[in-house]
Amino acid sequence: MNHLNRGVVIVGAGIFGLSAALELAERGYGVTVVNAGPVPHPHAASNDVSRMVRMDYGSDLLHSRLASEAIDGWHRWNSHWGRSLYHQDGLLFLSSRPLEEDGFEGDSYRALCEEGWSPQRLGSMEIATRFPRWNADMYIDGYFNQRGGWAEAGLVVSLLAEDARAKGVCIKTAKVSSLSRGSGRVRGVVIEDGTEIRADRVVVAAGVWSPSLLPELNGFLRLSGQPILYFKPADPEPFRPPLFPPWGADIATTGWYGFPANREGIVKIGVHGPGYSVLADAPRVPPGHEDESRCRDFLSRSLPALADAPLHALKMCVYTDTFDGDFLISRHPEVEGLTVASGGSGHGFKFGPVLGGLISDAVEGRPNPYLDRFAWRSVGDPATEASRYPGE
């Protein structure tokens, strides 16, 4: 075997892996990132045209506060890159029930107000006036949060990789076949040609491929395929901000969320729910045939102006779900030098600007108030995960 010692090896060059690489390089580590394909990887959850950035998390203040820190980071990234890949168009959350009732929208609105933010409450008349594409007879209540928006996911990953290389990070294209272990600690990784890349520390940030390297994660992590639909209306202008910001509509019960028309005039709509049970290397196309009809049924009731728009594309994003929706960012309890950073659960991308610090603190064993929530833990009841955290 050939040997190369670079200090820290990170498996995976998605938002978890690259943000960690940048932070660890800043902290003085020699870092090698090994990714099983191009960056961004076409099958990775960090890819695609857009991801939602929000601090709306129901009554979950930990994620809301962490997302607020991340939004500050998104502005720093925009300034650093000299271009806006994070678009603060705000977010529209609509409800067919009064916000006073328990539910994601009402809980989020109350939590934001209690934290000192000022989301704008919307009644049916305000919805009809400000956001006329929506069926205001159906959605009688809601709010608009000015602090949030969406990020251009694939381009963000590409620029993070450029930044990492500029800081001396080695990004290697290869498939990791196994971890190199001995005497209770990790010694590096072995890639598919048999080469061993030696390191004192290893971070597994391989997304859907993490359980193949760490079988002990099977059961803790579940892969779920979530359909994504792309529509191309004849006139995209009514589907651009401020009339049409990123949105969620009765999201805890319907699962539907979406984005404004992009530069090419394409409107992306996703659904967050139990999803399809899939394997890591499954084709990124939904195995079922009912997703378009389900979406058009939702649109006919909620966004009738978009209900008959031509379908431009239909894809599937594969989530790496934890049983409780919280990330897994933790040292391995039995293997010294090994850290796992996975379990994005369909809502991890927005935290990109703060993930590097969280992962690096886990690698170094530094105290961090957020890491207690993301620590290695026992499997619990997964029944509520799909509705806890709307997707991206």
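Visitor: Which residue is the bridge partner of Val33 in β10?

Guide: Some conventions come first. This is a predicted model, in which local features need pLDDT of at least 70 and side-chain atom pairs count only at pLDDT 80 or more, while totals for chains, interfaces and linings use all residues. Residues are numbered from 1 along each chain as its sequence is written, and side-chain values use heavy atoms, with hydrogens and water left out. Helices (H or I, at least four residues) and strands (E, at least two) are DSSP runs, numbered from the N terminus. In β10, Val33 has Ile171 as its bridge partner.

Visitor: How many bridges join strand β3 to β10?

Guide: Two strands pair if DSSP finds at least two bridges between them. Strand β3 (residues 31–35) is joined to β10 by four bridges, and these strands run parallel.

Visitor: In what order do the strands of the open sheet lie?

Guide: The order is β10-β3-β2-β14-β22-β21, a sheet of six strands with mixed pairing. Its edges are β10 (170–173) and β21, each of which pairs on one side only. On average, neighbouring strands are turned by 15° against each other, direction ignored. For such angles, axes are lines fitted to C-alpha atoms, for helices over the stretch in contact, and angles run from 0 to 180 degrees between N-to-C directions.

Visitor: Which strands does helix α1 touch as it packs on the sheet?

Guide: Contact means heavy atoms within 4.5 Å. Helix α1 (residues 15–26) touches β2 (8–11), β3, β10, β21 and β22 (338–342), and its direction makes about 165° with that of β2. Helix α9 also packs on the sheet, touching β14 (201–204), β21 and β22; its direction makes about 25° with that of β21.

Visitor: How many salt bridges does the structure hold?

Guide: Side chains of opposite charge can pair when their charged atoms come close. The criterion for a salt bridge is a side-chain nitrogen of Lys or Arg within 4 Å of a carboxyl oxygen of Asp or Glu. The structure holds 25 of them. One of these joins Asp326 and Arg373, whose closest N and O atoms are 2.8 Å apart. This pair links distant parts of the chain, 47 residues apart: Asp326 is in the loop between β20 (311–322) and β21 (328–331), and Arg373 in the loop between α9 (352–364) and α10 (385–388).

Visitor: Is Asp326 buried or exposed?

Guide: Buried means under 20% relative accessible area, exposed over 50%, and partly exposed in between (1.4 Å probe, protein chains only). Asp326 counts as buried because its relative accessibility is 5%, whereas Arg373, at 25%, counts as partly exposed.

Visitor: Which residues are linked with Glu364 and Arg366 in a network of salt bridges?

Guide: The network also includes Glu23, Arg27 and Asp361. Within the pair Arg366 and Glu364, the closest N and O atoms are 2.6 Å apart. Arg366 is partly exposed because its relative accessibility is 44%; Glu364, at 23%, is partly exposed as well.

Visitor: What residues does Arg296 contact, leaving aside neighbours within four places in sequence?

Guide: Arg296, found in helix α8 (residues 291–302), is in contact with Phe231, Leu306, Ala307, Asp308, Ala309, Pro310 and Leu311. Its C-alpha atom is separated by 9.2 Å from that of Ala309, 13 residues apart along the chain.
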